[in-house]
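Please keep the sequence and the model in view while reading.

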Amino acid sequence: MRAKLSYAVTAAVLVFYFVLVGSRGVMLIQSGTVLTVTFGIAVLILPVIGLWFLWKNTQFVRKANQLAAELDAEGGLPVDELKRTPGGRIDRDSADEVFAKRKAETEAAPDDWRSWFRLAVAYHDARDTPRARKAMQRAIALHDGRSVQA
């Protein structure tokens, strides 16, 4: 719940920022000189890109949460079997061990979105966020029945 609240607050702050920047871009355009219109258009592009990125990221998170809920209903969510340091951090060797199991599971069933979901969690636990995101994108695509690039 804390993560959802944090995400919502961050998204709201970003939207406020985009509106503020967009209004400044409009003000620059309204000035009417070639230079201010050019800068105004450039300033307006940034919030558009930011809103697109925020939208895509929110859709990704929403779909990943839907997969998690579906997997939880099936009883297939990965069990937290990771060892932790006294400070509460995940032990790297433990994460690597679980990752090896999840990778083997995914190689055995490459068209199963469930195995890709669990692999994404293992990547995340191993602190490999880019690969975790790619694995989750693949799980989402397989779940939705879309073709997946190797």
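Does R118 count as buried or exposed? R118 counts as buried, its relative accessibility being 14%, where buried means under 20% relative accessible area, exposed over 50% and partly exposed in between, with a 1.4 Å probe and protein chains only. This is a predicted model, in which local features need pLDDT of at least 70 and side-chain atom pairs count only at pLDDT 80 or more, while totals for chains, interfaces and linings use all residues. Residues are numbered from 1 along each chain as its sequence is written, and side-chain values use heavy atoms, without hydrogens and water.

R118 takes part in a salt bridge with E105, with 2.7 Å between the closest N and O atoms; the term denotes a side-chain nitrogen of Lys or Arg within 4 Å of a carboxyl oxygen of Asp or Glu. This pair links distant parts of the chain, 13 residues apart: E105 lies in helix α3 and R118 in helix α4 (residues 113–125). Helices here are DSSP runs of H or I with at least four residues, numbered from the N terminus.

E105, partly exposed at 25% relative accessible area, also meets R102 in a salt bridge (3.5 Å, N to O). R102 is buried, at 10% relative accessibility. Because R102 and E105 are three residues apart in helix α3 (residues 92–108), about one helical turn separates them.

The structure holds five salt bridges. Among the other charged pairs, D128 and R131 approach to 3.1 Å between their closest N and O atoms, and a network of salt bridges links E74, D112 and R114.

Notes: Helix = DSSP H or I, 4+ residues; strand = E, 2+ residues; numbered from the N terminus.
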